[in-house]
Amino acid sequence: MPSPFNKLKMEISGGSHEKCLSLTLEGLPEGRRIDAGLLRKFLDRRKSGKYAFSTPRREEDEVIFTEGLTDGVITGKIKAEIPNNNTRPSDYGYSATPRPSHADYVAVKKYGAAPSGGGAFSGRMTAALCIAGGIAKQLLASHGIKVLAYISEIAGIGCSTYDNGVPEPSVIEICHDYAYPVTDASKINSVDEQLRSIASEGDSAGGIIECIAYNLPVGLGGPMTEGLEGRLSLSLFAIPAVKSVESGLGRKIASLRGSDANDPFAYENGKVVTLTNNSGGINGGISNGMPLTVRVSFRPTPSISKEQRTVNLEKGENDLIKVRGRHDVVFLPRAVAAVESAVSLVILDCMIENNLI
Ligand SMILES: Cc1cc2nc3c(=O)[nH]c(=O)nc-3n(C[C@H](O)[C@H](O)[C@H](O)COP(=O)(O)O)c2cc1C
């Protein structure tokens with residue numbers, strides 16, 4: 001199986017309506033202490049109910065460590081489980097009439113049936129990812145590295161973006177407790193109104209999450225397939241519903257001239273910095289010491305109650321569908337922690353590779 005990691009080994013299994021989600025994570029530095037309270041707080045950012053217009057399915061997301069963490073200290077391969085306590089499989093059954101743009105149709109063709117609640121394709125899998133990501137974030141923080149994300153666009157409403165200057169970490173940390181994790185609080189009311197209107201039509205919304213890693217050393221990554229951008233993409237595209245990953249200015253750099261796109265070097269307090277950061281802290285696949293910036297776009301939730309066209313695979317005819325079950329009108333606020341996780345794990349892997357942790 002392709003992996004974004006050279007040193008870490010991660011496996012996530014289970015499904016939305018199975019007994020539990022499971023995580024195994026191998027290759028972490030032993031002897032490091034993990035703060036259970038901080039990990040809990042991190043996982044709570046992904047839980048439904050923290051933000052409006054998330055799925056009405058409530059889960060405690062209790063984490064049970066079965067191996068590798070003794071009295072809060074990493075002692076080897078970590079094994080953890082999150083029980084699913086609030087399943088309702090009777091709400092689902094999309095093998096005959098697949099939900100447009102969910103994984104039902106491809107699952108029927110590849111595995112014989114569409115798994116209940118989206119199974120391993122469900123956004124619920126990101127709960128297990130966030131256990132690994134929360135641990136990675138803490139290990140990086142103990143080396144002064146912060147990985148933080150926020151929403152820069154939601155339901156078509158543009159909020160502040162790193163294109164206009166990378167915010168201070170505290171600005172992002174505070175925004176995780178706003179009604180929506182956007183760094184510009186003046187946008188919250190219009191976002192709320194827009195989502196209310198979309199929900200009232202039985203529709204859904206997507207958006208863009210930006211992630212910044214502060215205080216990286218120079219030298220993480222390598223050329224070609226060892227490059228940070230490729231490894232970050234592989235990790236980020238593992239999150240369901242991700243449709244693009246951009247590094248730094250991303251596709252906007254394509255229309256600039258070299259003289260505007262280039263990040264000139266300068267000495268600042270004896271340290272080499274770049275005066276702009278259009279390359280997002282990466283040159284030639286290797287971190288250059290500036291903040292690493294990535295932009296991730298997410299599709300709108302595919303399960304909508306608004307009527308859509310589909311097919312009836314049993315009858316071999318065209319059909320209509322109004323999706324039932326419990327779904328996020330927008331899952332972007334919940335996906336912010338998943339993005340931080342995917343990025344943190346790649347950076348941790350590179351730090352271990354460079355013997356820096
Ligand atoms: C945190 C999170 C929550 C999600 N919640 C839902 C949901 O409630 N309903 C749904 O249809 N899709 C939801 N999704 C998206 C689907 O899992 C995803 O669109 C689907 O598996 C198809 O994969 P693809 O969009 O990558 O092609 C969620 C995704 C994430 C990251």
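Trainee: Which residue stands opposite Ser 22 in β4?
Mentor: Glu 81 stands opposite Ser 22. A word on the source: this is a predicted model, where local features need pLDDT of at least 70 and side-chain atom pairs count only at pLDDT 80 or more, while totals for chains, interfaces and linings use all residues. Residues are numbered from 1 along each chain as its sequence is written.

Trainee: How many bridges join β2 to β4?
Mentor: Six bridges join β2 (residues 20–26) to β4 (residues 73–83), and these strands run antiparallel. Strands here are DSSP runs of E with at least two residues, helices are runs of H or I with at least four, and both are numbered from the N terminus. Two strands pair if DSSP finds at least two bridges between them.

Trainee: And what about β3 and β4, how many bridges there?
Mentor: Five bridges join β3 (residues 64–70) to β4, again antiparallel. Phe 65 stands opposite Ala 80 in β4. The two strands form a hairpin with two residues between them, and Asp 71 in the turn has a positive phi of about 50°.

Trainee: Which residue takes a positive phi in the hairpin of β14 and β15?
Mentor: Gly 316, with phi near 70°; that hairpin has four residues between the strands. Five bridges join β14 (residues 308–312) to β15 (residues 317–321), which run antiparallel. The bridge partner of Arg 309 is Leu 320 in β15.

Trainee: What is the strand order in the open sheet of five strands?
Mentor: The order is β6-β5-β7-β13-β8, with antiparallel pairing. β6 (157–158) and β8 (242–247) are the edge strands, each pairing on one side only. Five bridges join β8 to β13 (residues 292–298), and Ser 247 has Val 294 in β13 as its bridge partner.

Trainee: Changing topic: which residues of α1 are buried?
Mentor: In α1 (residues 36–44), Leu 39, Phe 42 and Leu 43 are buried. Buried means 20 or more other C-beta atoms within 10 Å of the residue's own, exposed means 12 or fewer, and partly exposed is in between, with C-beta atoms placed from the backbone.

Trainee: Why are they on the same side of α1?
Mentor: They cover an arc of only 95° around the axis, which puts them on the same side of α1. The arc is that of the directions from the helix axis to the C-beta atoms. Gly 37 and Lys 41, on the other side of α1, are exposed.

Trainee: What covers the buried residues?
Mentor: The cover includes α3 (125–141) and α8 (332–353). Contact here means C-beta atoms, placed from the backbone, within 7 Å.

Trainee: Now the ligand. Which residues come nearest?
Mentor: Of the 21 residues around the ligand, Gly 123, Pro 240, Ser 303, His 327 and Phe 331 come nearest. Near means that the C-beta atom, placed from the backbone, lies within 6 Å. α8 gives the most to this shell, with three residues.

Trainee: And the chain overall, how many helices and strands?
Mentor: Eight helices and 15 strands. Of the 357 residues, 43% count as buried. Among contacts between residues at least 6 apart in sequence, 73% join residues at least 24 apart. Along its principal axes the C-alpha trace spans about 70 × 50 × 35 Å.

Note on methods: Two residues are in contact if their C-beta atoms, placed from the backbone, lie within 7 Å.
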